[in-house]
Amino acid sequence: MAQSLTHYGFLRIGCVSPELKVGDPVFNADRIIEAVDKAIEQKCRLLCFPELSLTGLTCGDLFFQNELLERTRNEIERIARYTAGTNSTIIIGAPLKQSGRLFDCAVVVSDGGIAGVVPKTFFSDSHGFCGKRWFSSENDRVSDEIFIKNKNVPFGSDLLFEIDGFHEAVFGVEMSEDLWALKPPSLDMAASGTTLVFNLSASTEYLGKNVYRRNLVLSQSGRCIAAYAYSSSGPGESTTDAVFSGHCIIAENGRLLEESERFHFKTTLTISDIDIQKLTLRRIRNNSFSSTKPARTFRRIVVKIPDIIDEKPIRFINPYPFVPQEKSARDEVCKEIFSIQSVALAKRLIHINCSKVIIGISGGLDSTLTLLATVKAFKKLELKPRNILCYSMPGFGTSEQTKSNASQLCKLLGVSFETIPIDDAVNQHFKDIKHDPNVKNIVYENAQARERTQILMDIANNYNGLVVGTGDLSELALGWCTFNGDHISMYGINSGVPKTLIRHIVEYCAEEEYSGEISKILIDIINTPISPELLPPASDGAISQQTEMEIGPYNLNDFFIYNCIREQFPPEKILFLAEIVFDGIYDKIKIKQTLREFYRRFFANQFKRSCSPDGVKVGTVSLSPRTDWHMPSDANVDIWISELKD
């Protein structure tokens, strides 16, 4: 059954910078109506226009002319009548009289009527616009109502607007300079439950101001844990010494969703879907937000906007949320994580007065990153690399490729390397526990992992060293580790790094930290199939056991981890988003099956995470039972996977 975007928590909004003629409300109203029509074509029915968009900001003393003010009122009523057949809610800027005062107002027009009017609070007398010359402030208001369209409507900056049927979608309105104030009104709005703030602005341009403006909008959206939609006047407003660019910005909790191209004389329309559910869930987890009370009370007004059925969100959904898309940003993230890992390990070694590290090196991605970060830590501490004791422990499934890469890499890095085959020890163990080695089940696999861990731990005792683990965040989430085997170490250096990112950190090291033969080996390791190598190789010596064939692609699982743990999205929404971003890569059946398996594994393996060793946190997602993820080991998974049945 088709679902609305509202069902998944999305709200479609638009910011408009319309073509404008200063002092011509009729022309400007026509452009506003045209913009509403264009927005409706994209199923957007919640729009914000710039400050004084019906008259223009630069009218000067023409604001004192009654002809301009009355024509403006007439056009507000015409626009309101037009919206009656569109189910739209729009916010337009206009000068309005009330109680012998003139106010710079945001007029909220909704489905044929005026829902409310919000006057501007703060004015700046800089850059040639002397707002206080013409307008009174919200602080000068003497009534909670204003007469417009033949009736009294709510009036004041204490108005909030709630979307009918979507009670978490509440928007408030700021006016231009309000955002620049020491305490913007949006702070109290957010504390009162506002998840979306519109700003009607008319901001002049000068060199670098667009960057400052963008950063200010992003910062305020992050501070309020809200969406912030900013609409500013376009070049048609330009006059005398001032130039306007029509800068429109839509931000969400510090993240830029959409931004207009500037300096267009024709109307520009910027549309995005904001995630109200995401904002609400983020607020719930933020103790400083929940403990903040607003300094004022607000009046709520309900407006109606129709749902959007069976549509994809208009916003970027990152299929690889742990991995920046641009290479420069990705390299910076990899560099930072690599530094965090090495410093964390160095601190632990200093604290326990230890100068030796023991690593089980397999030739796979995880143990390679562990080794590289350890080498970096030893350099910081000016310790000799030969005190990094690496052990290859080939078993029944170890391939020549991984064994060769492990030994060559250790040799080139100058660390100690030794091979300890585990076949005989494991076979003896099989005899002791009366297990048939021809039965290649979980006993067959886990016995190898536990034998390797025993060897590493005993060597550490022998050399007074520290066993550094290789398991990563993705494996912890899925329980893809042997309890009391590779699940255990003395420090988990990769425990905060997801599998999709480990590949890129190793690639970063191959390009930036090393060169020559070391780089070639690292690239070969990156291109090797991910495998625990616990089952015998194929007849041609190739790796037969591939992790992703058993637990699903790490691309999918890491997407699930991020959206389940970081965003706290419900399974239905995660599936909805995954089917969009992985369309053409994985079919819907594969995605649903993998998501169901993810939840099953995630709930079933909390007991492993509950006793996991210390490990460095490197990002916003961590499964440490001590600081980040508190979950009962016996929680029931049924309600999560009930939505994912075939």
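Q: How do helix α17 and helix α18 cross, and what do the angle and distance refer to?
A: In this predicted model, the axes of α17 (residues 554-566) and α18 (residues 571-581) come within 11 Å and cross at roughly 145°. The axes are lines fitted to C-alpha atoms, for helices over the stretch in contact, and the angles run from 0 to 180 degrees between N-to-C directions. Both helices are DSSP runs (H or I, at least four residues; strands are E, at least two), numbered from the N terminus.

Q: What makes the crossing of α17 and α18 right-handed?
A: A crossing has this name if the near helix is turned clockwise from the far one by less than a right angle, and is left-handed if anticlockwise. α17 passes α18 in the right-handed way.

Q: Which residues of α17 and α18 meet?
A: F559, F560, N563 and C564 in α17 meet I574, L577, A578 and V581 in α18, where contact means heavy atoms within 4.5 Å. By class, this contact has 7 nonpolar, 1 polar and no charged residues. Ala, Val, Leu, Ile, Met, Phe, Trp, Tyr, Cys and Pro count as nonpolar, Asp, Glu, Lys and Arg as charged, and the others, Gly among them, as polar.

Q: What makes up the contact between α14 and α15?
A: R503, V506, E507, C509 and A510 come from α14, and S519, L522, I523 and I526 from α15. The residues of this contact divide into 6 nonpolar, 1 polar and 2 charged.

Q: How do you know whether N199 is buried or exposed?
A: N199 has 0% relative accessibility and therefore counts as buried. The cut-off for buried is under 20% relative accessible area, with exposed over 50% and partly exposed in between (1.4 Å probe, protein chains only). N199 has its place in strand β10 (residues 196-201). Residues up to four places away in sequence aside, N199 touches C48, E174, M175, S176, L179, Y228, A229, Y230 and S231.

Q: What makes the pairing of the side chains of N199 and Y228 a polar contact?
A: The distance between these side chains is 2.9 Å. The term asks for a pair of N or O atoms within 3.5 Å; within protein, one must be able to donate a hydrogen and the other to accept it, and residues adjacent in sequence count only if both atoms are side-chain atoms. The N199 side chain also reaches the backbone nitrogen of S176, at 3.0 Å. Elsewhere, a polar atom of the S290 side chain lies 3.0 Å from the backbone oxygen of N287; S290 lies in helix α7 (residues 287-290).

Q: Why does S233 count as buried?
A: Its relative accessibility is 3%, so S233 counts as buried. S233 is found in the loop between β11 (227-232) and β12 (248-252). Neighbours within four places in sequence aside, its contacts are S17, P50, E51, S201, A202, F244, S245 and G246.

Q: Why is L20 classed as buried, and where is L20 found?
A: With 12% relative accessibility, L20 counts as buried. L20 is found in the loop between β1 (10-17) and α1 (25-41).

Q: How much of the protein chain counts as buried?
A: The share is 57% of 646 residues. The chain contains 21 helices and 20 strands.

Q: How do you know which parts of the model were used?
A: In this predicted model, local features need pLDDT of at least 70 and side-chain atom pairs count only at pLDDT 80 or more, whereas totals for chains, interfaces and linings use all residues. Residues are numbered from 1 along each chain as its sequence is written, and side-chain values use heavy atoms, with hydrogens and water left out.
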